[in-house]
Amino acid sequence: MNEEQLRALLQGVKDGQISCDSALLELKNLPYEDLGFAKVDHHRALRNGFPEVVFCQGKAKEHIIEILANLGQRGHNILATRATPEVYAAVQAAIPEASYSELARVITIVKEAIPKRGRVLILSAGTADLPVAEEAAITAEIMGCGVERLYDVGVAGIHRLFDNKERLDEAQVLIVVAGMEGALASVVGGLTDKPVIAVPTSVGYGASFGGLAALLAMLNSCSAGIGVVNIDNGFGAGVLANSIIRAIHAGEV
């Protein structure tokens, strides 16, 4: 249940169109519903602006399906991350409207229209970073952000980035996804006054230590004000970008 639905429910009770008992039935599973193996947080859309997101890695397929079906009963858009093709096949058999990005490993179920606001620009250093970049992009999109992509603009061919300087200027939030030494975030941070969310990836040779080198480089950037999320955490970057966009556009209809 989101804020708009709750307001409509309370208004219906006030106007006498909905009985108290009916309203109680609607509210009985707030703030969460216990499925035995999981406690589904139906209050999250009210608190954070988007329903609970399902992290599929490590979960049993039948549990994922039951959680998604339970969330879907509320009519919200649904996001599930780190889903394998096998998980998606099982989900799609039970929930035919489910869609899947194999590149991003993300399942989406769209139940309601998604009006877009703001401009989030997602940059990737190389094509090997695209799985994480697409996870960020799809996350921000389903949460209601306008998203643009600018891929393969890493520092090894930095003219590719400079050729798109106007796109950096037009964005309200930038998500920079890079592995190897993670230098792209510092370069972008030095070119714009917009919020920059840096995402280190585990892409790189041995001394990159599975993304640790990029993470440390981004944390130690001399471009002030860069925010850094965890290694390969495109989802976290998309959520943070959405929070910033929501704050920028707060109060708009």
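Which residues are buried in α11? Select Gly234, Gly236, Ala237, Gly238, Ala241, Asn242 and Ile245, which are the buried residues of this helix, where buried means under 20% relative accessible area, exposed over 50% and partly exposed in between, with a 1.4 Å probe and protein chains only. This is a predicted model, in which local features need pLDDT of at least 70 and side-chain atom pairs count only at pLDDT 80 or more, while totals for chains, interfaces and linings use all residues. Residues are numbered from 1 along each chain as its sequence is written, and side-chain values use heavy atoms, leaving out hydrogens and water.

Next, show what covers those buried residues, including β7 (117-124), α6 (130-142), β8 (145-150), β9 (173-178) and β10 (196-200). Helices (H or I, at least four residues) and strands (E, at least two) are DSSP runs, numbered from the N terminus.

Now select helix α4 (residues 61-72) and helix α5 (residues 85-94), whose axes come within 10 Å and cross at roughly 45 degrees; axes are lines fitted to C-alpha atoms, for helices over the stretch in contact, and angles run from 0 to 180 degrees between N-to-C directions. The contact (heavy atoms within 4.5 Å) is made by Lys61, Ile64, Ile65 and Leu68 of α4 and by Glu86, Val87, Ala90, Val91 and Ala94 of α5.

Finally, select two cysteines: Cys56 counts as buried because its relative accessibility is 3%, whereas Cys222 is exposed, with a relative accessible area of 78%. The structure holds zero disulfides, a disulfide being a pair of cysteine sulfur atoms within 2.5 Å.
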